[in-house]
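This note is intended for a colleague who is meeting the structure for the first time. The points below may be read alongside the sequence and the model.

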Amino acid sequence: MLAKRIIPCLDVDKGRVVKGKKFKDIKDVADPVEIAKRYNDEGADELVFYDITASNEERNIFLEIVEKVAAEIAIPFTVGGGIRTLEDIHQVLRAGADKVSINSSAVKDPQLIKRAAKKFGSQCIVLSLDAKKVEFDKWSIFIHGGRKNTYRDALEWAIAGETLGAGELVVNSIDVDGEKNGYNVELTKKIAEAVNIPVVASGGAGTINHFQTILEPGVADAALAASVFHYGEIYIPDLKNALSKHNIPVRRNT
Amino acid sequence: MITIIDYGAGNIKSLQFALEKLELESILTTDPDEIKKARAIILPGVGAFEDAMLALKNANLVHVIQEEVTNGKPLLGICLGMQLLYETSSEGGISKGLGLIEGKIERITDTVKVPHMGWNTLSMKQNSTIVKHVEQNAYVYFVHSYYASEMNASELVCSTAYGIEVPAIIQKDNIIGMQFHPEKSGKVGIQLLKNFGGMVS
């Protein structure tokens, strides 16, 4: 039986993992390779790395990290951030990433998804979308870190993404992100029902119970989270044991 | 020396790293002479069936692979690389494969999500050295939209359940196919690659 996936997400800045600001002005950083190894050993099913840097020089540091991670872990990982062209995709795949996650660039140029899927295969093209509720039962796609409304309907964009050739969708809910009050079940379920490709839920994880709810049949195929793992609030083996007890299929024999 | 056939796009680095860890020497090549010299061949794979066959044809590799494998050289086909071993695929019209194994490749039906992406279990159908030290229901990582739909049951080593029974590991003498990615399947995958290494004398 296909297992539901648990995916820690790591932001990488200047070659280090940024764990956000837990306390004011204190930025916790760590070595991405070490963190990747730890999550791998703990039983993470996949990892996501977001490059939050901008310059070309820093991009090369990031690519070196991708290669180091690939050398150290034997689980799939996705790279996101700064993917704008087919050449960007080629570079990260060649460095050892399994999938690329495309967000704003796809909104600006939807054909990028199509070209990328044709060239590299749908299996490695992930469409990541940032959605925010704009009225009752309606969500809109936002870009630039959730600052700019594109007035594109989230459900329509998800369906378009599948049609263009994306092999997976990541649904980030801006409304619940960072709140730790649970994933956006309503939005994730709506999208999962509208498409026939895997759907990854993102944003809002705070407790083991939240994972359980989002990974129920018919909702998400995978759950992505950052801070609950980074700060040791949820230990992956505990999470998987709890999910298994609730009959949610998870991989435990790592 | 194991030759990994390099026919373009995709992540081959993880496979190289996995082989390195196992101290199995490998080179990435499209040189027919290297393939002839090698003790084993790995045909990796991501992307589309027709494009991959075209790339093999353009590099004049089809005949070399067929000849070397027919002469008994161990070959491991991974993901699309496994599919290429069969006679035909319905991906993007009907395309001819390497024809080393009888059977054809079809798209997974839409009763389940396509692609089949994620960790799924191996159900053992018969014993083989390729699955030595691998437990029943061990998880491996799949990502594919097509599968070997018509094949000889005698060649099925492991299957996985995804709407239908999907052949996961197939073997015909010296030819092995893995529909999942052993290089991405944690310790289980490393063991499977180690077992393949053991077939390389």
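1. The model discussed here is predicted. In chain A, one aromatic cluster is formed by A:Y39, A:Y183, A:F211 and A:F229. Of these residues, A:Y39 belongs to helix α1 of chain A (residues 32-42), where it is buried. Residues three or four places apart in an α-helix point the same way, because each turn takes 3.6 residues. Directly after α1(A) comes A:G43, with a positive phi near 105 degrees.

2. Over all chains, the structure contains 6 aromatic pairs. One of them joins A:F211 and A:F229; their ring centres are 5.8 Å apart and their planes make an angle of 40 degrees, a tilted arrangement. The pair connects distant parts of chain A, since A:F211 lies in helix α8 (residues 208-214) and A:F229 in helix α9 (residues 227-230), 18 residues apart. Are these two residues buried or exposed? A:F211 counts as buried because its relative accessibility is 0%, and A:F229 is likewise buried, at 2%.

3. B:F142 is in strand β10 of chain B (residues 139-144), while B:F180 is in the loop between β14 (175-178) and α6 (186-199), so the pair ties together parts 38 residues apart in sequence. Both B:F142 and B:F180 are buried.

4. The charged end of A:R152 is positioned over the ring of A:W157, at 4.6 Å from its centre. The charged end of A:R251 lies over the ring of B:W119, a residue of chain B, at 3.6 Å from the ring centre.

5. As to chain B as a whole, its secondary structure consists of 6 helices and 14 strands. Its C-alpha atoms occupy a box of roughly 45 × 40 × 30 Å along the principal axes.

6. Of the 201 residues in chain B, 59% are buried. Among contacts in chain B with a separation of 6 or more, 70% involve residues 24 or more positions apart. The chain exposes about 7800 Å², and carbon and sulfur atoms contribute 46% of that area.

Terms used
Residues numbered from 1 in each chain as written. Chains lettered and ligands numbered in written order. Predicted model: local features only at pLDDT ≥ 70, side-chain atom pairs only at ≥ 80, totals over all residues. Heavy atoms only, no water. Phe/Tyr/Trp six-rings, centres within 6.5 Å; stacked < 30°, edge-to-face > 60°. Helix = DSSP H or I, 4+ residues; strand = E, 2+ residues; numbered from the N terminus. Buried < 20%, exposed > 50% of the residue type's maximum accessible area, 1.4 Å probe, protein only. Lys NZ or Arg CZ within 6 Å of the ring centre and 35° of its normal. Contact = heavy atoms within 4.5 Å. Areas by Shrake-Rupley, 256 points an atom, 1.4 Å probe, with all protein chains shown as cover.
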